[in-house]
Amino acid sequence: MKAFVKILYLASILFISAAAYIFFSLSPENSQESFVLFKVKQQSYTVAKMAVKADNIYLAFADAKVSKLSLNADILAENKESKPSYPTAILVEADKLFVAYENAKVIAYETSNLNKLWEFSAEDKIGVKFSTYKNYILFTSFDKHIYMLEKISGKLFAKIKTKDAVNGGVVVNSDIAVYGDCSGELAAVDLLSREKIWTKEIGSHIPLSPIICGDKIFVANHAGSLKAFNLKGFDELKSFAKVEISAHTQMLSDDSKIIFVDADKKLQTLNTITGKAEEILPFAGRDCEILQDENFLLILNLDGKIDVLGKPDYKKIFTHDFNLKLDVAASDNGVIAAVDLTNKLYIFKKNESTD
């Protein structure tokens, strides 16, 4: 009899354990990860800039070497400049990779083999962002100009004067380019005539790029004050004036919303139609960047963590903590690449089994 009772007792424990395992494994908090760590590869030198495109990872190193890697972190192509210079901006398109350097050079490479296509020298340090317009690539310089180069040849098409140096780059909408400079001037340029359409004084210097969302322009000054303007009438929209954002994290636009980190380091969205702000992450990071592709929003906490939010509901679907601070990251089409301060490259892939 005692043996029978013991068997029943053990069976009940096994049943409860199995039920608990099934419950917790199927719960949202413990379901299979949406991304998996696919590869870790030590890099030999500091990675300054990085881009992901079509299942390839492009690295721009601090010694002016560029590399193309597969998802397995195998080197597919490399190229290195004879005179080392630190990369400041990177952009990859279907057949071209553009890299800007601290020595005021922009170099275009073929994406297939990283052969150099052309090289262009500005008169001073180049800003942190490239933009494109038709067959041209645009960038700003501390020589107080916006440059328009032909993508194919690197030939200078236009050089547009700005009031002061522009660090954040320009944002393009149709035939209009908008930028903010270090004097605090927000300006719009007609790219067909290369003439200024209007200017606005923001009050203090503008460290990052403005963004365009629908028919509105949003810009933050160094103090973190958000200002909005009508893209067509250029009048200021006072309904957004109470929003305070971090002036050190680039805002993004997504459909009718802007995504930003506020002064308390919370990640928020702002509906540009209703003016309503909504918190989507309680702490984005003391020092962070936000990136996005078509399906995901990536929050890079430089203290050593990445969070991935799905679109369009911005619900957290993946998080990964690193042992060390992060330096740079990029994402595209379900691939995330991140590099820590020891130059270790981490490659994450979307887990297709969770679809």
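Author: A salt bridge is taken here as a side-chain nitrogen of Lys or Arg within 4 Å of a carboxyl oxygen of Asp or Glu. By this rule, 17 salt bridges are counted. The model is a predicted one, in which local features need pLDDT of at least 70 and side-chain atom pairs count only at pLDDT 80 or more, while totals for chains, interfaces and linings use all residues. Residues are numbered from 1 along each chain as its sequence is written, and side-chain values use heavy atoms, with hydrogens and water left out.

The setting is a chain with one helix and 31 strands; these elements are DSSP runs numbered from the N terminus, helices being H or I of at least four residues and strands E of at least two. Of its 355 residues, 49% count as buried, where buried means under 20% relative accessible area, exposed over 50% and partly exposed in between, with a 1.4 Å probe and protein chains only.

One of the salt bridges joins the side chains of Glu81 and Lys116, with 3.1 Å from N to O. Glu81 belongs to the loop between β5 (75–80) and β6 (87–92), and Lys116 to strand β9 (residues 116–121), so the pair ties together parts that are 35 residues apart in sequence. Glu81 is buried at a relative accessible area of 13%, whereas Lys116, at 38%, is partly exposed.

A second pair to consider links Lys196 and Glu185, whose side chains meet at 3.2 Å, N to O. Lys196 is partly exposed, with a relative accessible area of 37%; Glu185 is buried, at 7%. Salt bridges with shared partners also join Glu81, Lys105, Lys116 and Glu119 into one network.

β16 (residues 185–190) and β17 (residues 195–201) pair in the antiparallel sense over six bridges, pairing being assigned if DSSP finds at least two bridges between two strands. Within this pairing, Leu186 has Lys200 of β17 as its bridge partner. The two strands form a hairpin with four residues between them, and Arg194 in the turn has a positive phi of about 60°.

A further salt bridge is formed by Lys96 with Asp95, the closest N and O atoms lying 3.2 Å apart. Here Lys96 is buried, with a relative accessible area of 11%, while Asp95 is partly exposed at 45%.
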